[in-house]
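Please look over the model below.

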Amino acid sequence: LAISYAVSGDSGPMTYHSGANQTSFITAQGSGDYTWDDDGFAYQFTTTSWFFVETLDVKASEDTVVICAFGDSITDGTHTTLNINDRWMNVLSRRLHDAYGNKVSIVNEAIGGNRVVNPVVPNAASGPAAVDRLDRDVLGLSGLTDVIWLEGINDLGGAHNTDSIIAGYKDVVSRLHAAGVNVYAGTVTSAL
């Protein structure tokens, strides 16, 4: 998938994904609209971030299984290989497509630094906690059938007490179940 866009004037605040680990190409500021340029010579700069595009919705047959990978940097793909698509959910997607064909879609809804519950000291870079972003980022997905949720290491590292983390897990899981969504827990990795 390639998305081209041009910004005219001041963009104002923009959405962005700072750690996309995919190369994007940028033209010089004020150089004009090159969204239909096939030769690529106008794109003098690169970045490994994504800007402006917040959501992409695609049409699929009604029997498509839609799995949301929900979590923090481990799911987001921090420290994965540039341009290789080797996040764990990319590998899972390839395996599921090999087994079931094009009747599976995996959606990555992870944010690096994210937490299950709100941090004691707010951290804008980690986005809203899972309990707060569930409706927008997960339950709002078209055709959602399953969620694989791998999150909690930042809560443990952020000195949250276990009762608040468990309460957050219970809240999210009960809301997913109420919506008829299957939930699978990813094992929180160790960190010393």
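What percentage of the 192 residues in the protein chain do buried residues make up? Buried residues make up 31% of the chain; buried means under 20% relative accessible area, exposed over 50%, and partly exposed in between (1.4 Å probe, protein chains only). The model is predicted: local features need pLDDT of at least 70, side-chain atom pairs count only at pLDDT 80 or more, and totals for chains, interfaces and linings use all residues. Residues are numbered from 1 along each chain as its sequence is written, and side-chain values use heavy atoms, with hydrogens and water left out.

**Fold and overall dimensions**

- The protein chain has five helices and eight strands; these are DSSP runs, helices being H or I with at least four residues and strands E with at least two, numbered from the N terminus.
- Along the sequence, the pattern reads β-β-β-β-β-α-α-β-α-β-α-α-β.
- The C-alpha trace spans about 55 × 45 × 30 Å along its principal axes.
- Take the contacts (heavy atoms within 4.5 Å) between residues at least 6 apart in sequence: 71% of them join residues at least 24 apart.

**Surface and charge**

- The protein chain exposes about 12100 Å², and carbon and sulfur atoms supply 54% of that area; accessible areas come from the Shrake-Rupley method with a 1.4 Å probe, and for residues only the protein chains shown count as cover.
- A nonpolar surface patch of about 720 Å² is made by Leu1, Ile3, Tyr5, Val7, Val53, Leu56 and Val58.
- Patches are made of residues with over 30% relative accessible area and no salt bridge; like charges are joined within 9 Å, and nonpolar side chains (Val, Leu, Ile, Met, Phe, Trp, Tyr) within 5 Å.
- Val7, one of the patch residues, lies in the segment before strand S1 (16-17) and is partly exposed at 45% relative accessibility.
- The chain carries 10 positive and 22 negative charges, with mean positions 7 Å apart.
- Lys and Arg count as positive and Asp and Glu as negative, while His and the chain ends are not counted; a charge is placed at NZ of Lys, CZ of Arg, CG of Asp or CD of Glu.

**Salt bridges**

- Side chains of opposite charge can pair when their charged atoms come close.
- The structure holds five salt bridges, each a side-chain nitrogen of Lys or Arg within 4 Å of a carboxyl oxygen of Asp or Glu.
- Asp135 and Arg175 meet in one of them, at 3.4 Å from N to O.
- Asp135 lies in helix H3 (residues 130-139) and Arg175 in helix H5 (residues 162-178), so this pair ties together parts 40 residues apart in sequence.
- Both partners are partly exposed: Asp135 at 46% relative accessible area, Arg175 at 22%.
- Arg175 also forms a salt bridge with Asp171, where the closest N and O atoms are 2.9 Å apart.
- Arg175 and Asp171 are four residues apart in helix H5, so about one helical turn separates them.
- Asp171 is partly exposed, at 31%.
- Salt bridges with shared partners join Arg133, Arg136 and Asp137 into one network.
- Arg136 and Asp137 have their closest N and O atoms 2.5 Å apart; Arg136 is exposed at 54%, whereas Asp137 is buried at 9%.

**A buried loop residue**

- Asn21 sits in the loop between S1 and strand S2 (24-26).
- Asn21 counts as buried, at 16% relative accessibility.
- Leaving aside neighbours within four places in sequence, Asn21 is in contact with Thr48, Gly77, Thr78, His79, Thr80, Thr81, Leu82, Asn83 and Arg87.
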